[in-house]
Amino acid sequence: MTNFFLHAKRSPNLLNHDTGDFVMSIKLQQNRIKANFWITPSIYGIVAFVLATISTFIDRFLTAHKQWLKLVPSVFLTDKELAHTILSSVSNSLLTMTTITFSSVLVVLTTFVGQFSPRTIQNFNTDAKTQRVLGTFIGGYVYVLVLLIQVRSNQVFLH
């Protein structure tokens, strides 16, 4: 606890000299958020969930209103079994691709850390590109999984 107070006295960003309160600067907060590996992939997952929910709403709206359904090209209209098969295949491939990609990268990083620099893992975790790639994989998986669940719930309610 004393180390924190000593650091706060040395750092003008942590101590507000007018009130005596500890205040984090915006830059420091941004760095802490950026250093957290799961923030960006979590945001991608939440956005994917929202988009999947909107897609399901649009699908149910179009099936309820047949006059709007005529505007959709027939290529996009399939039966539930085909949609279930495609979504299952995409879900499995996204999960496999994510696993293989990150396990391969981590094997290389582990070897590199042992021979050169231990800060490599930290740089890998804080890299925005890595977080966006993982976010894209996770977001795609969440999107497909939510749609897959909705296809199954349509089958239960309609039969």
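Select Thr 56 first. Leaving aside residues up to four places away in sequence, Thr 56 touches Leu 147 and Gln 150. Contact here means heavy atoms within 4.5 Å. This is a predicted model, where local features need pLDDT of at least 70, side-chain atom pairs count only at pLDDT 80 or more, and totals for chains, interfaces and linings use all residues. Residues are numbered from 1 along each chain as its sequence is written, and side-chain values use heavy atoms, with hydrogens and water left out.

Stay on Thr 56 and show its helix. Thr 56 sits in helix H3, residues 39-64. Helices are DSSP runs (H or I, at least four residues), numbered from the N terminus.

Is Thr 56 buried or exposed? Thr 56 counts as buried because its relative accessibility is 8%. Buried means under 20% relative accessible area, exposed over 50%, and partly exposed in between (1.4 Å probe, protein chains only).

Next, select Thr 96. Thr 96 belongs to helix H5, residues 80-115. Thr 96 counts as partly exposed because its relative accessibility is 44%. The side chain of Thr 96 reaches the backbone oxygen of Asn 92 at 2.8 Å.

Finally, select the whole chain. How many helices does the chain have? There are seven, with zero strands. Of the 159 residues, 23% count as buried. Look at the contacts between residues at least 6 apart in sequence: 65% of them join residues at least 24 apart.

Notes:
Helices (H or I, at least four residues) and strands (E, at least two) are DSSP runs, numbered from the N terminus. A polar contact is a pair of N or O atoms within 3.5 Å; within protein, one must be able to donate a hydrogen and the other to accept it, and residues adjacent in sequence count only if both atoms are side-chain atoms.
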